[in-house]
Amino acid sequence: MTNVKTLWQQLQNHQELMAQVSLKQLFDLDSQRFQHCSLQHAGIFLDYSKNHINSETLKLLCGLAEAANLNQKINDLFSGQSVNISEKRPALHTALRCQQKKVLIVNDHNIMPDIKDTLQRMQNLSNQLNQQLWLGATNKPITDILHIGIGGSELGPKLVSDALAPFKTSSLKLHFLASVDGTELANLLQQLTPETTLVIVASKSLSTKETLLNTEAVKLWLLQQLSHISQDIVLKQHLICVTQNIEQALLLDVAAENILPVWPWVGGRYSIWSAMGLPIALVIGGEHFEQFLAGAHAMDVHFRHSPLDQNMPVLLGLLGIWYNNFFNTQSHVILPYDYLLQLLPDYLQQLVMESNGKCWQHDGNAVVGKTSAVLWGKSGLIGQHSFYQLLHQGTHMVPADFIVCAKSRHDYEHHHQLVLANCFAQSQALMVGTQTEPQNIFEQQKYIPGNRPSNTLVLDELTPYTLGALLALYEHKVFTQSVIWNINPFDQWSVELGKQLSSELLPVLQGSQATHFDASTNGLVEHVNALMNKTKEQS
């Protein structure tokens, strides 16, 4: 087998040739290019024909994946090997959505019964709340869910609950609190009635300052507003926690029976399939939540068993490598053409950049070249009137993923036809540009060069099943790229450093310690403290 270094050089040489061939020429050379460069699985159709590749490119890229031992790494991921090397543990988010599996051993313990038990608890809780059997401290039914979390604990539930709004089976109203901006907290509490509000605190570690501060503020609000009732009763009927840190949850006065577990082998940004998905299960119901898991599992099976050149996550991952490392692109844009998917770019930003924004390889050596592209995006229909100008005529090549649904769940047929037309037209325009060469300076300003790459993903329709498959698709794309770059996509030490430094800075901003940091940080702290002290004196 050819080694990685040799294939890398071959790909560099090959890129010099491919850069001389336009996308339009590639289509002219192969009348069946669309058929050759498309595939479908789990209700998702992928067209990757508008990329700067030919059969030799795919052969070299798949060879690179083989040389990096991708098939074995995929098997390690699913079988519970310690793929999270720096934290010495597996990454088994895939086990959370594998309902058929009976046994999977982690540290001499079969984790599958724990997963099924937690899923059943989520189902029971959903039934209790939606059948108005779970009552607040004053015996009134719960009407509102206030979810407190940040990052992976919040982005996933918020995205999915929005995206699957048409499948809502509950009258419960869902609210999210992530920021420590007191304005957001105040606005939310003004909308809520403590007697009918259930609070879900979602944090794997229960050490995140934002989540802890918001939790204490909301607890105080509950206890003050319901001060005529025992504190134990109030918190038992109005506070639930999803966490790995059971001891800390108990210290926050969460009743033991109100704590749902998340396990060390589930990363925060991969945790939506666990009890972190509780808000989703509450509003769309247990049956739809299981369909969501089933869609992800279908993509898992495809990823694990399909040949590399017919493997949707692998192909997307390798195309990302192709542009990032050989065309020297700087970013990648996600363009959903569905109002319900408008939060997808935010969700994928964390998944991609927190996973693969790394500079150290597994062996401790520095990465040679670049790892994760900067991922960004917005609803395509909105972006067309803002940043698409740069995509079409700017000096940056920005590979794009267009995401659209073939069928809508509303009755405005003409609206949906226009959405589809816009989506397909924009990917076409990126590829072909302006057909005629400019004849003068005025025409030149309007000239669009084209030859910009994109993928188009068409969901049959947006359902719990296809959304689960779509999110799993991107998870496995991330893993594929991490294997090629030889990095760990399951840790996030820079996040931990930020938490540590925040803890050191907070006492200084509160005035209990003198500044002792670098000159810039000291200067900023002293400037803000001086302004705050001046405000106190004036008041």
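Start by selecting strand E7 (residues 197-202) and strand E8 (residues 239-243) in this predicted model. The two run parallel and are joined by 4 bridges. To see one of these pairings, show Ala 202 and look across to E8, where its bridge partner is Val 242.

Now widen the selection to the whole sheet. It is an open sheet of 5 strands, with parallel pairing, in the order E6-E5-E7-E8-E9. Look to the two edges for strand E6 (173-177) and E9, each of which pairs on one side only. On average, neighbouring strands here are turned by 20° against each other, direction ignored.

Then bring in H10, which lies across E7 and E8 and runs at about 55° to E8.

Stay with H10 and display the side chain of Lys 236. Which residue does Lys 236 form a salt bridge with? The partner is Glu 257, with the closest N and O atoms 3.3 Å apart. This pair links distant parts of the chain: Lys 236 sits in helix H10 (residues 231-238), while Glu 257 is in the loop between helix H11 (246-251) and strand E9 (259-261), 21 residues apart. Lys 236 is partly exposed, with a relative accessible area of 38%, and Glu 257 is partly exposed too, at 48% relative accessibility.

For another salt bridge, pick Lys 50 and Asp 47, whose closest N and O atoms are 3.6 Å apart. Are these residues buried or exposed? Lys 50 has a relative accessible area of 13% and is therefore buried, and Asp 47 counts as buried at 9% relative accessibility.

Move on to Asp 491 and Lys 358, a salt bridge with its closest N and O atoms 2.8 Å apart. Asp 491 lies in the loop between helix H20 (464-485) and helix H21 (493-509), and Lys 358 in the loop between helix H15 (344-356) and strand E11 (374-377), so the pair ties together parts that are 133 residues apart in sequence. Both Asp 491 and Lys 358 are buried.

For the last stop, select Arg 97, Asp 300 and Glu 475 together: salt bridges that share partners join these residues into one network.

Definitions and conventions. Residues are numbered from 1 along each chain as its sequence is written. This is a predicted model: local features need pLDDT of at least 70, side-chain atom pairs count only at pLDDT 80 or more; totals for chains, interfaces and linings use all residues. Side-chain values use heavy atoms; hydrogens and water are left out. A salt bridge is a side-chain nitrogen of Lys or Arg within 4 Å of a carboxyl oxygen of Asp or Glu. Buried means under 20% relative accessible area, exposed over 50%, partly exposed in between (1.4 Å probe, protein chains only). Two strands pair if DSSP finds at least two bridges between them. Axes are lines fitted to C-alpha atoms, for helices over the stretch in contact, and angles run from 0 to 180 degrees between N-to-C directions. Contact means heavy atoms within 4.5 Å.
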